[in-house]
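I opened my notebook to look up charged pairs and greasy surface spots in one protein. Here is the structure I worked from.

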Amino acid sequence: LPRAYGVDFGNIYKPNKNIVLNTALWYLFSEEEFVYVGDAGIVEPSGKSRRFGLDFGIRYQILDWLFLDTDATYTDAKSLENIKGEDFIPLAPEVTVAGGIAITNLGKFSGGLRYRYLGDRAANEDNTIVAEGYFVTDLNLNYQVNQQLSLGVAIENLFDVEWNETQFATESRLQNEVTSVEEIHFTPGTPFFAKATLSYRF
């Protein structure tokens, strides 16, 4: 089996009782990068690779009932067996951010506003095809009627943004095309969606 070697250096810092910060700087070398080939339904080797990056996180209790958290990452991923400019690792994330704000025990209310961001990223080795990033926000709110009964509402994609969930570059040919074309194929992300919940605990 191919080996992978990694090293990381990080810290956890608590400047006061309400804030926790964490950071990590890391490096990963792999003797073999495996890539999934959708059309063939197989995983094929593509040579050595290296990644390095920086992770950052914050947890902040603003009030007794109000919390904020954010995690962000930056990653540089490259193939070591391709020439410069053609050494991108398809669909390897470069920038990601996720977090939100939450309320707990605010009277009978609880809930949160959550977001996730994934930046644009190369969809093929020379970065001539780009998988588009997205920023999506979700919301949930709950009301505790009594010890047994609670009501809630959950909204996905609060601002109804258009986004692509699964994306990959592959060849396809329409009926009126002479030759196949390599382009992005994708699964559309969930549009605005809301649901109500009613929970009863025995």
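**Ground rules.** I am looking at a predicted model, where local features need pLDDT of at least 70, side-chain atom pairs count only at pLDDT 80 or more, and totals for chains, interfaces and linings use all residues. Residues are numbered from 1 along each chain as its sequence is written, and side-chain values use heavy atoms, with hydrogens and water left out.

**Entry 1: counting salt bridges.** Side chains of opposite charge can pair when their charged atoms come close. My rule for a salt bridge was a side-chain nitrogen of Lys or Arg within 4 Å of a carboxyl oxygen of Asp or Glu. With that rule I got six salt bridges.

**Entry 2: D76 and R50.** I found D76 paired with R50, with 2.7 Å between the closest N and O atoms. D76 sits in strand β6 (residues 66-79) and R50 in strand β5 (residues 49-63), so this pair ties together parts 26 residues apart in sequence. Strands here are DSSP runs of E, at least two residues long, numbered from the N terminus. Are these two buried or exposed? I call a residue buried under 20% relative accessible area, exposed over 50%, and partly exposed in between (1.4 Å probe, protein chains only). D76 is buried at 15%, and R50 is buried at 17%. I also noted that R50, D76 and K78 are linked in a network of salt bridges.

**Entry 3: R114 and D69.** R114 forms a salt bridge with D69, and their closest N and O atoms are 2.7 Å apart. R114 lies in strand β8 (residues 109-118) and D69 in strand β6, so the pair ties together parts 45 residues apart in sequence. R114 is partly exposed at 32% relative accessible area, whereas D69 is buried at 15%.

**Entry 4: D138 and R116.** Here the side chains meet in a salt bridge at 2.9 Å, N to O. D138 is in strand β11 (residues 134-144) and R116 in strand β8, 22 residues apart. R116 counts as partly exposed, with 30% relative accessibility.

**Entry 5: the nonpolar patch.** Which residues form the nonpolar patch on the surface? I listed L106, F109, L141, Y143, L151, V153 and L198, with about 580 Å² of accessible area together. Patch members need over 30% relative accessible area and no salt bridge; nonpolar side chains (Val, Leu, Ile, Met, Phe, Trp, Tyr) are joined within 5 Å, like charges within 9 Å. The areas come from the Shrake-Rupley method with a 1.4 Å probe, and for residues only the protein chains shown count as cover. β11 and β12 (149-156) each supply at least two residues of the patch. F109 lies in strand β8 and is partly exposed, at 39%.

Definitions and conventions
Helix = DSSP H or I, 4+ residues; strand = E, 2+ residues; numbered from the N terminus.
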